[in-house]
Each structure stands twice: as structure tokens, then as C-alpha cells.
Amino acid sequence: MNGAESLVRTLLSSGVDVCFANPGTSEMHFIAALDKVAGMRCALGLFEGVATGAADGYFRITGRPACTLLHLAPGLANGLANLHNAKKAGSGIVNVVGQHATYHLNYDAPLTGDIEGVAKPMSHWVRTSMSSSGVASDGADAVQAARSTPGQIATLILPADASWAAADEVALAPAPTPPRAVSPDAVTAVAKALRSGGRTVMLLGGAALRGKALEWAGRIAAKTGCRLMSEGQNARLERGAGRVKLDRLPYDVPGAVATLKEIDRVILIGAKTPVAFFAYPDQPSLLAPKECEMVTLAQGEHDIESALEELAHELGASTTAPVIADLQRPALQEGKVTPEGIAAVLGALMPEHAVVVDESISMGRGFFPVTVSSAPHDWMNSMGASLGYALPVAIGAAMAAPDRKVIAIVGDGSAMYTLQALWTMAREGLDVTIVILANRSYNILRSELAKVGVGAAGRTALDMLTLDNPNLDWVALAKGHGVASGRAHDLGEFAKELSRGLASDGPYLVELVV
Ligand SMILES: Cc1ncc(C[n+]2csc(CCOP(=O)(O)OP(=O)(O)O)c2C)c(N)n1
Ligand SMILES: [Mg+2]
């Protein structure tokens, strides 16, 4: 056995059995070990951002880290934007990054670079394995780090000589540090706050948006009369029929400020203090008024479900029925493409337990209320707002949940960042329906231009915000990546195309001309 094989065996014995890869020469021993050792499902991504984003999507569904295989500093650098998104989403990932043989580093060969320096800003844990005998225990530590609550980015750098030299160990990842318990005092303080009257919002994020935790939050809201909201973007929110109903904090600053204006108190449960995406010359950074009290029950690293359960007991809400959405699909709409019309078609046709990966940018603001009573589904947002998250995340989600329909609804500008993801979907036969919102522009940036107060856009500025001349041909782009596709110009055609995609077992792309 060599170091690479001891790492593959360690990953497998520690429960990491999916690898999203884009390899090079320094990773050849790892690749060879994947042949020798059965059990690792591998998917090739034709750009590292596809691999890192796919690992994010895989974690969001399973709660288990996948690994990536990346090529030295430049390969890792290509994957960083989606590691940023994954880090903000609280997703656990083990990155294995190949490095030159230790003795070769002296010579400044072309691919030599500061891998640790590149890794650090987007990783919680970084280590270089200095010898083949230590690779197994380093790998096990990486898995342990990735499995922390909520989830962490662990980057293990594997020099080629540590990979090819003999090794005799397979390690088992130590149990992850359990989630931190919320102190009884914090529970009592929040219960007191909830009993004290005034207008209160319980702002939920992360693990509070799923399963039992969400139910406890629903019971507490029904008992105390507080308003239940999620953050503006969520890694995975369980919603639709049968799930606890909640609103989402608006994205736009005036909308969010208006929502929180009359609120006396916000209770943060796995959520952060609400802040604007950007600063604007005449707008606040903090979305709640100064007088509004911020009380934290639990943060990402806490045992959120237990904290909510204890809070429900404390408030006598253990058996209170939460407000649940009934199944009430929106009616299909016909005619001109509008954001509400797209949402209605989506909400009407969405099958049970669909996974919606939303990178719809300016078109998607109205999707949420229209789909609240559709069939039960999961909704995912970009947590780091770095474009190009949706197509890769859809790969990971589809591999994690082969029995569910994945719908990626993506702006044309966003989709172009990681277009190659289509090829991986085709190759792996993944059940993803992709909707490209083809408005031929970076539409949102037109309104941003107005909001920052620079006045009317001139020709050069407009050219930086439009994607026309030439138009992107999404039907052809899909075909070129091996993905079947169709084009829709109105809502009736969109419904037909979306149905076609959902009926097929493999990937299908709909270009919705807006
Ligand atoms: C990596 C990265 N680069 C640039 C941006 C800035 N940006 C935010 S939205 C946007 C345009 C998105 O266009 P599209 O997906 O077509 O959505 P639309 O605005 O047309 O609705 C850009 C370029 C970003 N968020 N992330
Ligand atoms: Mg666009």
C-alpha cells in the first residue's frame, strides 16, 4: 500500500465515499488507488468550481462530507469561489489537493505555488501531509474537521512523494465534536423575552429550517404569537405542504427595513444579525432599527434542535399545533413570461420532494410566496452569493438523492460561470431539470447601478451589464454538453418544457426566454 491508497481507504472507512475530481500529474497515485480500492463513487468535473460546488450540494442533502480532488494551487484556486459559497452554507467538505514531491518544491517548477496560502481563507482546517506514514491519520483528522457542526471546509495537501511512498496504516476518523449545547440560562432568557410581549420575530437559519427543529419553532410561534421568518437566503429550507409556514426576510434593503421596522425584538436561532448584502450611500447596513433588541438562542455550531425543544417545553408549547401549509398548488398561468407566472408554473408542476436549487437572481424575488403551498420540497439558495453555485450544487444534490427531482433555476449570467456542470450531469445521468432564465443580461446590476446613485447608464456601462450581441444559444450549449434541451417563449411553452424535463430521468435544460 502507498500513501494515496492509505488515504482512500481512510476516507472510505470514515464514511467519505463520493469524490468530485479534477486531477493532474501530482494526483495520479490517488487516481490509481481509486481503481484499486472499491467503494468511492467518483465524478469528473471539467472545472474545479464544479467539483467544489457539487461537494457543497452533496453535503446540503446528506449532511455528510464528500471529498474533492484538486490539482495544486491553481486547481484549488479555481475551486475557491464555490468553497466560499460552501463555507457560508455550513457545508462540510474534505479537499484533497495534490502537491509536488517535497524535494521538488525547491526548484520552483511551473505549477509550484503557496497552496496553504490559497487554501486558508476558504478553509477552516488546512494541513500538509509530510510523509506517507502520516497520510492516514491526517486524512482522518480532515474528515473529523469536516464533520464538525454545522460543517467545515477541511483541506488536506498531499505531496506526490507522500502519495507514492509506502504506507501501512488505515485510520478511522475520530467522532466529530458534538454540537455545543445551548446553556439553560440562554433558553430561560429567550423564554422570558418571548413572554414579555411586544412584537417579536424568531429568525431561523441553518438547521432550524428543517425537520423537528422547524416543527418546534412552529409550535413556539403558534403558542407565543411571534412571527416566524427565515434569513434572506438559506442552505436548505424544508417547505411546501405539510411543513411549517414561514416568511423569508426580503433581499432588498427597503423591503427588509420595512419588514423589521415595527419589531421590538429579533430572536436569532441559527441565524445571524440581519445585514444588507451591500452598503448603499443612503441606506443602513443593519436591517433592524437600533431600538430593536437582538437575542441569540443558538448559532450554527449549537445543537439547534435540542435548544428549540427545550424552549418549547419551557413555554408549555410542546403539544401546541404549528401553523402548517396545506397543499394548494398555484394555478398554471399562460402568456407573457413574468416572475409570478414562472413561480406559478414551477409551483404547479413541482413534484413531491423536489429539490429546488435557486440562483434566479432578479427574476426569483417573487418565487417564494407563490410556491409556499406546493408539494413538499427543499429550497436551496446561494449562501455566499458568488455566482455559479447552482449547476454544481445540483450535481451534488442529484447524486445524494437519486430518487428525487432536482430543479435548478438559474439566471443566464450565473449559469455561464460553471456551464461545464452540464457535461457532468450528462455523463452521470443525473435527474436534473435546468431552467435558464435567459434575459440576455446581468439584469440585477441595472437596478444596482441606479441604487448606488451614479445616474443614468451610458453605452459602455450598459455593455458591461448586457449579455446580447451575440445572444447565448442555451439549447445549443446544452446539446454540446450532451444534455437534451428545449426553448420556451411564453408560460404555456414553459409548462410544457418543464413537464418534459421532469418526466425524463436524466438532465434536461429549458431555455426560458424572458
Ligand atoms: C463571482 C461573482 N462575480 C460577479 C458577481 C456580481 N453579480 C451579481 S448579480 C450578477 C448578474 C447575474 O446575472 P444573471 O444570473 O443573468 O441574473 P439577472 O440579474 O439577469 O437576473 C453579477 C455579475 C457575483 N455576485 N459573483
Ligand atoms: Mg440574466
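User: Where is Ile 361 found in this chain?

Analyst: Ile 361 is found in the loop between S13 and H13. The structure is a predicted model, and every value below was computed from it.

User: What makes the phi of Ile 361 worth noting?

Analyst: Most residues other than glycine have a negative phi. The phi of Ile 361 is near 45 degrees, a positive value in a residue other than glycine.

User: Why is Ile 361 called partly exposed?

Analyst: The relative accessible area of Ile 361 is 30%. Buried means under 20% and exposed means over 50%, so a value of 30% is classed as partly exposed.

User: Which residues are the closest to the centre of the second largest pocket?

Analyst: The closest are Tyr 251, Ile 361, Ser 362, Arg 365 and Ile 444, out of 45 residues that line this pocket. The space in the second largest pocket is about 1000 Å³. At least two lining residues come from each of strands S8 (227–230), S10 (247–248) and S13 (354–359), and likewise from helices H13 (367–370), H15 (412–417) and H17 (443–451).

User: How is the lining of the second largest pocket divided by class?

Analyst: Its lining has 19 nonpolar, 15 polar and 11 charged residues.

User: How do you know that the magnesium ion (ligand 2) is coordinated by Asp 412, Asn 439 and Ser 441?

Analyst: The OD atom of Asp 412, OD1 of Asn 439 and O of Ser 441 lie at 2.1 Å from the magnesium ion (ligand 2). The cut-off for a donor to this metal is 2.8 Å, so these three atoms qualify. Along the chain, the donors follow the spacing D-x26-N-x1-S. Asn 439 and Ser 441 are both buried. Water is not among the atoms, so the site may look incomplete.

User: Which residues are the closest to ligand 1?

Analyst: Ligand 1 is surrounded by 18 residues, and the closest are Ser 362, Asp 412, Ser 414, Ser 441 and Ile 444.

User: What is the peptide bond from Thr 149 to Pro 150, cis or trans?

Analyst: This bond is cis, with omega near 0 degrees. Pro 150 sits in the loop between helix H6 (135–146) and strand S6 (153–159). A cis bond also joins Asn 469 and Pro 470, with omega about 5 degrees. Most peptide bonds are trans.

User: Why does Asn 469 count as exposed?

Analyst: Its relative accessibility is 73%. The limit for exposed is over 50%, so Asn 469 passes it. Asn 469 is placed in the loop between H18 and H19, and its phi is positive, about 55 degrees, although this residue is not a glycine.

User: Why does Asn 82 count as buried?

Analyst: Asn 82 has 4% relative accessibility, and buried means under 20%, so the term applies. Asn 82 lies in helix H4 (residues 72–89), and its side chain reaches the backbone oxygen of Gly 49 at 2.8 Å.

User: Why is Met 130 called exposed?

Analyst: The relative accessible area of Met 130 is 57%, and the limit is over 50%, so Met 130 is exposed. Met 130 is in the loop between strand S5 (125–128) and H6.

Technical notes. Residues numbered from 1 in each chain as written. Chains lettered and ligands numbered in written order. Predicted model: local features only at pLDDT ≥ 70, side-chain atom pairs only at ≥ 80, totals over all residues. Heavy atoms only, no water. 1 Å grid on protein atoms, 1.4 Å probe; cavity = no way out; pocket = protein on both sides within 12 Å on 5 of 7 lines; lining within 4 Å. Points joined across faces, edges and corners; volume = space filled by probe spheres on them. Helix = DSSP H or I, 4+ residues; strand = E, 2+ residues; numbered from the N terminus. Nonpolar A, V, L, I, M, F, W, Y, C, P; charged D, E, K, R; others polar. Buried < 20%, exposed > 50% of the residue type's maximum accessible area, 1.4 Å probe, protein only. Donors = N, O, S within 2.8 Å, 3.2 Å for Na, K, Ca; no water. Near = heavy atom within 4 Å. Polar contact = N/O pair within 3.5 Å; in protein donor to acceptor, adjacent residues only side chain to side chain.
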